[in-house]
Amino acid sequence: MVPIISCKNVSFSYEGKTVVADVDFAIEQGDYLCVVGENGSGKSTLIKGIIGLKQAAAGRIERAEGLNRTAIGYLPQQSLIQRSFPTSVMEIVLSGRLGSKRFISFYTKNDRVIAARVLEKLGLLELASSSFGELSGGQQQRVLLARALAASPDKLKLLILDEPMNGLDPHIKQELYEVIKRLNEDGLTIIMATHDVNTAVSYASKMLLLDEKQEFFGTAHDFQHTGLGRELMRDSCGGHCAICGLAVDEP
């Protein structure tokens, strides 16, 4: 199968200083990749490189034929300004449609139908007229996820999320993980940057560990049975592989 995204010996730098190096991996349609690592490890930089917001200093990123901007949904990190944005949920989701327009600057009936359909899919339709700034953090993330999906729902092949769980309570995180899992099960390829290693391995099919360079790429199961995986998981998951149940202290 032809990879949907492949990075070949990719490095990124800021002002001449390398911030992440030697990234080399490929994912296929239907994969769920979690990019994990501490703050400053290069996760967000790689995400920006994959969607074309950051130019690689070395190596190359290859995208499958047809994987253009209308086929990629993107949920960036949420800022405090975004959290208090004074507009309705429907307007937020409709704004995701603007990227698909070349000349038309107003929303059509079809735009509103698509926005309502995506809101319904994510269980948010009853909040369509609510103020975005008055929603809970979990509801806001689901609205922003709906915005990313509304851009081109019939053509979307890849959804990229940059630290979508930041600032959320544990039970809200779990709900959002379940929403993203269902999207993946519907055939959408997922790339998620997160520092939440423990939960990530329970949902991802593949893991990419960064620490200013690539430390691991492979299946979520194999990750938990490497030395690095065992070290990262031991304190946070009770010491057992989330997939096969084997104690991660065991070889």
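Strand β8 (residues 206-210) pairs with β9 in the antiparallel sense over five bridges; two strands pair if DSSP finds at least two bridges between them. Strands (E, at least two residues) and helices (H or I, at least four) are DSSP runs, numbered from the N terminus. This is a predicted model, in which local features need pLDDT of at least 70 and side-chain atom pairs count only at pLDDT 80 or more, while totals for chains, interfaces and linings use all residues. Residues are numbered from 1 along each chain as its sequence is written, and side-chain values use heavy atoms, with hydrogens and water left out.

**The sheet**
- L209 has F216 of β9 as its bridge partner.
- Six strands make up an open sheet with mixed pairing, in the order β5-β6-β7-β3-β8-β9.
- β5 (72-75) and β9 (214-219) stand at the edges with a single partner strand each, so one side of each has no neighbour in the sheet.

**Helices on the sheet**
- α5 packs on the sheet and touches β5 and β6 (158-162), where contact means heavy atoms within 4.5 Å.
- Helix α6 (residues 170-185) lies across β3 (32-36), β6 and β7 (189-194), at about 150° to β7; angles run from 0 to 180 degrees between N-to-C directions, and axes are lines fitted to C-alpha atoms, for helices over the stretch in contact.

**A helix pair**
- The axes of α4 (residues 109-121) and α5 (residues 137-150) come within 9 Å and cross at roughly 135°.
- I114, V118 and L119 of α4 meet A146, L149 and A150 of α5 in this contact.
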